Amino acid sequence: MSEQTRRGRAVRWGVPIATVALVAGAIGAGPVIAAVQGDPVLPERTAAQLLADAVRATESGVKPMSGTVMQTASLGLPGLPEVAGMGGTSPAALLAGSHELKVWYGGEDRFRFALPGRMSETDLIVNGDQAWLWESETNKATRIKGAGQAGQDHDRAMPMATTPQQVADEALKRADAGTAVSVSNTEKVAGRPAYQLVLTPRDGSSLVKEVKLALDGETFVPLRVQVYAKSAAEPAFEIGFTSVTFTPPAPDNFTFTPPAGAKVEEKTLADLGSRPEGGQERAEALKGGLTTVGEGWTTVAVLPFSTQDLKGPAQRQGDRPGGQDAAVVTDALLKSARQVSGAWGSGKVIQTKLVSALLTDDGRLLVGAVTPEKLTEAAGRR
Amino acid sequence: MSTVSGQETVSIGTGAAPLPRARAVGALRAWLRLLGSEVGLTLRRPRNIAMLAVLALVPVLIGVALRTFGGPDETDGGPSVFGQVTGNGLFLTFAALSILVQLLLPVAVAVVAGDSVAGEAGLGTLRYLLAAPAGRTRLLGVKYANAVVFCLAAVAAVALSSLLAGVLLFPAGPITLLSGGTIPLLDGVLRIGVVVLYVTAGMAALAAVALAFSTMTEAAVGAIASTVGLVVVVQVLGVIPQLSVFQPYLLTHWWNGFDGVLRDPMATGEMGQGLLVFAAYIAVFGSIAWARFTGKDITC
């Protein structure tokens, strides 16, 4: 082989190497471009000004918009099994991994949420007093009556899959004397410059390190909420827009006619919220026995409870969608529980990144976003 | 294989053309003629015809099975798309493609693309093809284009046979989308066309991988087996939850990402990303194949 061919061959192999470098560069280009462009700088605002602006923007009505919301949870649930056939729409599935939600918002009583799964989709379409829940997996359309006037109740009925707005409201309510609040004006969310409100609990026994809330720099719509746990650098829970446009969505997004061949059911909101077989009474009883210890970030809720209570409803729900998953999750959680005891008695502790729970042997359940030590302390305080 | 016609066209392409423009047109025409003869040979080969026939048979089998035994009950938790087939025949296309794209289509593509260079080398016909000067890049281009045409033929065979079987065995009519909306039949057929093109792009990316392997060996079986083995290994890696970080970079992850066409409005985001991944694979493995093939000593 001559010197020349050898050199020619080396040059030739430079081409695939350059291509690999190019592809790697393209993958890594996003952060680099963002770094070169620099952080967006918005006019400075204090936390109070920012919140006032946000409230004003909310009062005047959120602008019509559409976008994609990504929800990521890594709550550190111990040994959560892969539930067979667990689609993207199962409530238990939302507790781990990333989920995409499409949002079309045309106004207070005109919106559509779509939760896409592999070859399936779950849609919630609200248009005035018309509300439909469409599940393609089971080919079922549910007409929800009385959704128009009871929007508030509705928000509470779906605490997981909601828009960042609703999650943000919840986070804002908690800000009080026990919280250090700071604002930065150099965030960028879904390609838009944004303010970021950082809420840091002052109490050391809280498992929450900080809550970050990003508000759009122009419309003050909450674009992202991140909850950081003390034990991890990545957010334990995050919900935020990955893309958003503030233009009114096409009207056909808000119309829904059940397709031919689909099962059509009618339900009222009360039906959806209540559990069968006396679940209502059980919920009432639980509410009656609920007490709280402490305040702010380290509030601990104390409930009368026993393991049988936990298993009972979960098993009975087996035939309902998601019921099976709930039972599996419950089992997994109970298996991971750690036995603890002290002057207050003994019980089982379940710890995740954000929440700890203590099931005492004398039939109490203590839950809070605090360290297990704080829970046992609360258990001693009858 | 294509030795005789190949040499003929190459000599026409390089020989007669005084003007640069005319020469370019002539070269293109010669290239297309070479491709035409290559595609003709590929599609006339009994082995390839048999593979296409098997691919076209699977949707018919699925359709007959669903017709005979009925769709899965929703309590089974099986993929809902099978249930939808019984309601609308056009869904058979989506069901069939999402199954075949996992293994059978990749195997067929790997056989043709993996054989393309290694097969000629193994039979000793490659050196005749390469007798013409400066022909290697062009020859590789023809081999790859031929593999892509076969990808399209294979995907189209599946789509057409399942369309036909679906319409004959089940009621056909306006399609219910995953979002619950309904689109007219013709619109549905157009969307199937989009899916066919997307799946073809995915298979073309695999063909680039197989072609790269094909330039590295003289045993066609080696190139085919390593491509198929790679597909299986990557698919296993793709379902391990602990490795989910790597999923977006795996070729197989994107192959059945075409369910966006069944949403309203059509969700193109995932397909767009998929196409970018396919393009990246084609660029990387295409350039590897080129570097290997143009620098190779061909003695047999």
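Trainee: Are α9(B) and α10(B) oblique or roughly antiparallel to each other?

Mentor: Their axes cross at roughly 140 degrees. Roughly antiparallel would need an angle over 145. The pair α9(B) and α10(B) is therefore oblique.

Trainee: How many residues of the contact of α9(B) with α10(B) are nonpolar, polar and charged?

Mentor: On the α9(B) side, look for V209(B), A210(B), F213(B) and S214(B); they meet A223(B), S226(B), T227(B) and L230(B) in α10(B). By class, the residues of this contact come to five nonpolar, three polar and no charged.

Trainee: Now to where the chains touch: which element gives the largest share of the side of chain A that touches chain B?

Mentor: In this interface, 28 residues of chain A are in contact with 26 residues of chain B. On the chain A side, α1 (3-37), β3 (110-117) and β4 (120-127) each supply at least two residues. That side has 13 nonpolar, eight polar and seven charged residues. Its largest share, nine residues, comes from α1(A).

Trainee: Which are the edge strands of the six-stranded open sheet in chain A?

Mentor: Follow the order β13-β14-β18-β17-β16-β15 in chain A, where the pairing is antiparallel.

Trainee: What is the bridge partner of T292(A) in β14(A)?

Mentor: Strand β14 (residues 300-304) of chain A pairs with β13(A) in the antiparallel sense, over three bridges. Within β14(A), the partner of T292(A) is A301(A).

Trainee: Which helix of chain A packs on the sheet?

Mentor: The helix touches β13, β14, β15, β16 (345-351), β17 (356-360) and β18 (364-368) of chain A. Its direction makes about 40 degrees with that of β17(A). You will find it at residues 372-380 of chain A: helix α9.

Trainee: Over which residues of chain B does pLDDT stay under 50?

Mentor: For chain B the mean pLDDT is 85, and 88% of its residues reach 70 or more. Where pLDDT is low, the predicted coordinates should not be read in detail. In chain B, pLDDT stays under 50 over residues 1-17.

Conventions:
Residues numbered from 1 in each chain as written. Chains lettered and ligands numbered in written order. Predicted model: local features only at pLDDT ≥ 70, side-chain atom pairs only at ≥ 80, totals over all residues. Axes fitted to C-alpha atoms, helices over the stretch in contact; angles between N-to-C directions. Helix = DSSP H or I, 4+ residues; strand = E, 2+ residues; numbered from the N terminus. Parallel < 35°, antiparallel > 145°, perpendicular 65-115°, else oblique. Contact = placed C-beta atoms within 7 Å. Nonpolar A, V, L, I, M, F, W, Y, C, P; charged D, E, K, R; others polar. Pairing = 2+ DSSP bridges. pLDDT = per-residue confidence, 0-100.
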